[in-house]
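Welcome! Open the structure beside this page and work through the exercises below, trying each task before you read its solution.

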Amino acid sequence: MTVPTYPGETDRPSPTGAQAAPQATGASAAARSHLLHDGSVEQYRRAIADGVDRVARRVATVDRPATGVAPAELAPLVDGVDLDRPLGDAGAALDELESVYLRDAVWFHHPRYLAHLNCPVVIPALVGEAVLSAVNSSLDTWDQSVGATLIERRLIDWTAARIGLGPDADGVFTSGGSQSNLQALLLAREEACAEATPAARLELLPRLRVLTSVAGHFSVQKSAKLLGLAPDAVIAVPTDARRRIQPAAVREEIARCRAAGLVPMAVVGTAGTTDFGSIDPLAELAEVCAAAGVWLHVDAAYGCGLLVSPTRRHLLDGIERADSVTVDYHKSFFQPVSSSALLVRDRRTLRHATYHADYLNPARMVEQQIPNQVDKSLQTTRRFDALKLWLTLRVMGPDALGALFDEVVDRAADAWQLVSEDPRFEVVTQSQLSTVVFRYLPTGPARELADAANLHAREALAASGLAVVAGTRVDGRHFLKFTLLNPATTVDDIGHVLELIAGHAGRYVRDTIAADLTCPVG
């Protein structure tokens, strides 16, 4: 018997004697049949095709973004699965999956899913997902990935060029914006402590401070805790009427910190706050940080889609002066989770994440110019998520992605106009990206029921499954939020959801008032 020949290969004999693979028997042989190898490719094709068919049928037929199933209803089905008794067949397992997952999945491709920063995904990226999962390259070292390492590095260079970070820039793919922000602040911390002796470092760490907007992402506070900074290390700087950080306030806070013997180690600007889609004045922030000698990190997890926008790239002016930048391709580049990266202006700062293990990436490999991505990453074993973006760019190109992102930003502007003209609702500042923060506002004495009415409306809407919206708090009050990342969402869809919200909230107010009127006094 010979090993199958693939295009570009020559026939080669199969291993024999001591070189041959040992023969499996019994349970081992059955288990081996589930491994992907040259003898199981037809089984692989059938199983994958079956899975794809089931998802395709769901995508084609769902009439709402969710079913509204409650945890108490679904949990017994999942808990009832006996994981010690395998079904033995992919088709049977997929049948079971219909009831424990697919039937009640939340579908981000539906035009009335308007909740979080979840996007419908482009097909070239799904092709990449299928390829990278099957090949299963690990991006920690060259000898586990080969071309995958070069593809990731090329995409990092491409993104750095789009940002404008300069010839010394570098970066690495990450699991998401939270990890990117954590690594950025790790680098900033190490740069702030670079010249400190061990004893001086112990004294310095409690005095380090991070400045960010009150509207910034919670991962900044979480990162500070993970990095061993003081409980009050993160200073929330006030925003203007458009929910953007105030550079003058940053300058004043830096001066105040230094006067108090504290050390500002980083300023975190945001290019697309999660709630308001606001973009901090990056050029002014860069001026403040440059004058003060403070690391500037820009969290562009949401707003990075502007890097490929044909009409709105200018909204990111100043980002090119950042020391580090977070981008989430799985938000505004329409990629499946995970697909994210951290970029840095000076590749030398990535050394703070480097550790050489003799079994994996010994230091001599640096001298041999062997590219090992683990030298830059907080992770060791890591998926080839970059392939999804690579195939997207090779099939669609960046302009097409930018057009999609522009479309959802335009739609959010339409939604803001619709809500702002409706007297039943109060709307917060207009987003620079694709969110709309608003609330149902009862009139007269019933206004005191606004918080409860909006909470009820969101819960009732979710239970119906007819639409999904998000909620947040603004200045201590409960608000609702549309996050638009689906170009298929129309103004009619938004108007329909607003009517559903008004119906649920209005009924809650009327029922509450009626109950109060019929309630006996004393």
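**Exercise 1: the largest pocket**

Find which residues lie nearest the centre of the largest pocket, keeping in mind that this is a predicted model.

Solution. Start at the centre: of the 34 lining residues, Val55, Val59, Trp107, Val121 and Leu126 lie nearest to it. Next, look at the helices around the space: α2 (41–61), α4 (90–100), α5 (123–135) and α12 (329–332) each give at least two residues to the lining. The largest share, 8 residues, comes from α2. Then sort the lining by class, which gives 25 nonpolar, 6 polar and 3 charged residues. Finally, note the volume of this pocket, about 1300 Å³.

**Exercise 2: the second largest pocket**

Solution. Begin with the volume, about 540 Å³. The lining has 30 residues, and Gly216, His217, Phe218, Thr274 and Asp275 lie nearest the centre. Elements giving two or more residues to this lining are α7 (177–192), α12 and β11 (468–474).

**Exercise 3: helix α16**

Trace α16 and find which elements its buried residues pack against.

Solution. Follow the helix through residues 450–464: its 15 residues reach 21 Å from first C-alpha to last, close to the 21 Å expected. Now mark the buried residues, Ala450, Asp451, Ala453, Asn454, Ala457, Ala460 and Leu461. An α-helix has 3.6 residues a turn, so residues three or four places apart point the same way. The buried residues of α16 pack against β10 (435–440), β11, β12 (477–483) and α17 (491–518). Just past the helix, Gly465 has a positive phi of about 75°.

Key:
Residues are numbered from 1 along each chain as its sequence is written. This is a predicted model: local features need pLDDT of at least 70, side-chain atom pairs count only at pLDDT 80 or more; totals for chains, interfaces and linings use all residues. Side-chain values use heavy atoms; hydrogens and water are left out. On a 1 Å grid over the protein atoms alone, a cavity is a set of points where a 1.4 Å probe fits but cannot get out, and a pocket is an open set with protein on both sides within 12 Å along at least five of seven lines; lining residues have an atom within 4 Å of a point. Grid points are joined across faces, edges and corners, and a volume is the space filled by probe spheres set on the points. Helices (H or I, at least four residues) and strands (E, at least two) are DSSP runs, numbered from the N terminus. Ala, Val, Leu, Ile, Met, Phe, Trp, Tyr, Cys and Pro count as nonpolar, Asp, Glu, Lys and Arg as charged, and the others, Gly among them, as polar. The expected span of a helix is 1.5 Å times one less than its number of residues. Buried means under 20% relative accessible area, exposed over 50%, partly exposed in between (1.4 Å probe, protein chains only). Contact means heavy atoms within 4.5 Å.
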